[in-house]
Amino acid sequence: MKRYLGFDCGNSSIRTVVGSFDGEQLALEVIAQVPNREYRGIGYDHWDILAIFHELLKGMKTACDTYPDIESFGISTWGIDFGLLGPSGELLGNPLCYRNTHGAEGMKDLSTEELDTLFNATGIQNLPMNTLYQLLGIRTLLSEYYEQANALLLTPDLLNYMLTGERNSEVSIASTTQLIDMRSRTYAETVFSTTNLRKDLYAPLLPHKAVRGVLKKELAELYHIPRLQAISVPSHDTAAAVLSVPTEEEHVAFISSGTWSLIGTELPDPLINETVQRLGFSNEGGALDTITLLKNSCGMHIL
């Protein structure tokens with residue numbers, strides 16, 4: 001029996017799940033589930049990343065006490081949002097929530113031609129909540145954060161850094177930034193030349209199944225748990241959900257419904273053209289070099 005630990009961190013809850021695999025069947029057990037939400041700060045809504053980090057450690061402790069043979073862990077969260085680190089490696093502040101208006105502020109001065117260029121360079125729909133536009137808004141409205149930042153880590157990458165000390169990312173979560181050319185799965189030079197954003201903030205991309213780091217020695221000793229390996233899984237929760245669809249057929253449509261509903265299909269390569277842009281679809285990163293061609297729709301947000 002092989003056992004693995006998964007963290008599913010969404011806008012409304014944080015789940016710790018143990019997966020047990022006997023070579024043929026996978027059984028999932030929810031070890032812990034606690035609420036998550038954004039909090040109003042002085043002028044913006046923020047995520048309480050320290051509380052999320054604490055809940056992950058609590059869940060890891062409970063899981064390892066229950067199943068001492070757990071081999072590794074992976075983290076998936078919502079996309080787009082991020083933390084900024086200063087030169088010391090400490091957070092400059094709690095991550096901003098995409099529901100703020102700073103993304104719309106960052107997007108409003110771009111021309112139609114520039115927005116077309118950014119879509120064509122990435123395959124990602126122009127949405128004000130994307131990391132790209134949040135950064136443009138921060139550059140204008142919160143310039144001290146932008147100027148002092150030494151690194152940007154998306155939510156699952158930030159949590160992995162807090163657990164292991166390693167700074168890296170992978171393409172499914174990185175694709176939600178609209179900074180990646182989804183043809184090559186690398187950072188898009190056109191985006192930086194069009195927006196004049198800094199190019200020095202972003203983490204290197206690791207392939208899925210690679211080791212992202214090992215639980216810090218001081219955390220393992222503090223919580224009396226093994227130094228588990230962190231594995232590069234699809235760390236965007238939508239990509240993880242699509243991977244779990246129970247079919248081996250090639251042409252399948254999916255609806256992944258949480259705070260948002262994501263409607264789409266899985267492709268081997270991105271589909272970047274005028275029709276895709278007009279209909280509001282994005283070419284997000286999927287598991288193992290696939291593309292999840294999808295669009296946002298209403299989900300459970302109102303609830």
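How many of the ten residues of helix 6 (residues 155–164) are buried? I began my notes there.

**Entry 1: ground rules.** I am working from a predicted model, where local features need pLDDT of at least 70, side-chain atom pairs count only at pLDDT 80 or more, and totals for chains, interfaces and linings use all residues. Residues are numbered from 1 along each chain as its sequence is written, and side-chain values use heavy atoms, with hydrogens and water left out.

**Entry 2: helix 6.** I took helices (H or I, at least four residues) and strands (E, at least two) as DSSP runs, numbered from the N terminus. Buried means under 20% relative accessible area, exposed over 50%, and partly exposed in between, with a 1.4 Å probe and protein chains only. By that cut-off, ten of the ten residues of helix 6 are buried, so the helix is largely enclosed by the rest of the structure. Among them I noted Thr155, Pro156, Asp157, Asn160 and Tyr161. After helix 6 comes Gly165, with a positive phi near 85°.

**Entry 3: helix 4.** Helix 4 (residues 131–141) is mostly covered, with eight of its eleven residues buried. I listed these as Thr131, Leu132, Tyr133, Gln134, Leu135, Leu136, Gly137 and Ile138. I then looked up what they pack against: strand 7, helix 2 (102–107), helix 3 (112–122), helix 5 (143–148), strand 8 and helix 8 (189–195).

**Entry 4: helix 1.** I checked the length of helix 1 (residues 49–66). The expected span of a helix is 1.5 Å times one less than its number of residues. For the 18 residues of helix 1 this should give 26 Å, and its end C-alpha atoms are 26 Å apart, which agrees. I found Ile49, Ile52, Phe53, Leu56, Leu57, Gly59, Met60, Ala63 and Cys64 buried in helix 1. Seen down the helix axis, these buried residues fall within an arc of 165°, so they line one face of helix 1. The arc is that of the directions from the helix axis to the C-beta atoms. An α-helix has 3.6 residues a turn, so residues three or four places apart point the same way.

Entry 5: I counted a contact as heavy atoms within 4.5 Å.

Phe7 sits in strand 1 (residues 2–9) and is buried, with a relative accessible area of 3%. Not counting residues up to four places away in sequence, Phe7 touches Arg15, Thr16, Leu56, Met60, Phe73, Gly74, Ile75 and Ser76. Phe7 and Pro156 are 149 residues apart along the chain, and 9.5 Å separates their C-alpha atoms.

Thr77 belongs to strand 6 (residues 70–77). Its relative accessible area is 0%, so I put it down as buried. Leaving aside neighbours within four places in sequence, the contacts of Thr77 include Cys9, Thr155, Pro156, Leu159 and Asp237.

Ala151 lies in strand 8 and is buried, at 6% relative accessible area. Leaving aside neighbours within four places in sequence, I found Ala151 in contact with Gly83, Leu84, Leu85, Arg167 and Leu201. Ala151 and Pro87 are 64 residues apart in sequence, and their C-alpha atoms are 8.1 Å apart.

**Entry 6: cavities.** On a 1 Å grid over the protein atoms alone, a cavity is a set of points where a 1.4 Å probe fits but cannot get out; a pocket is an open set with protein on both sides within 12 Å along at least five of seven lines; lining residues have an atom within 4 Å of a point. Grid points are joined across faces, edges and corners, and a volume is the space filled by probe spheres set on the points.

How many cavities of 30 Å³ or more does the structure hold? I found three. The largest cavity has a volume of about 100 Å³. Its lining includes His46, Asn94, Ile138 and Tyr145, and strand 7 (residues 82–85) gives the largest share, three residues.

The second largest cavity holds about 80 Å³ of space. Leu152, Asp157, Ser169 and Tyr202 are among its lining residues. Strand 8 (residues 151–154) supplies the largest share of that lining, three residues.

**Entry 7: a pocket.** The second largest pocket has a volume of about 300 Å³. It is lined by 15 residues, with Val242, Leu243, Val245, Thr247 and Glu266 nearest its centre. Helix 10 (237–243) and strand 14 (260–267) each supply at least two residues of this lining.
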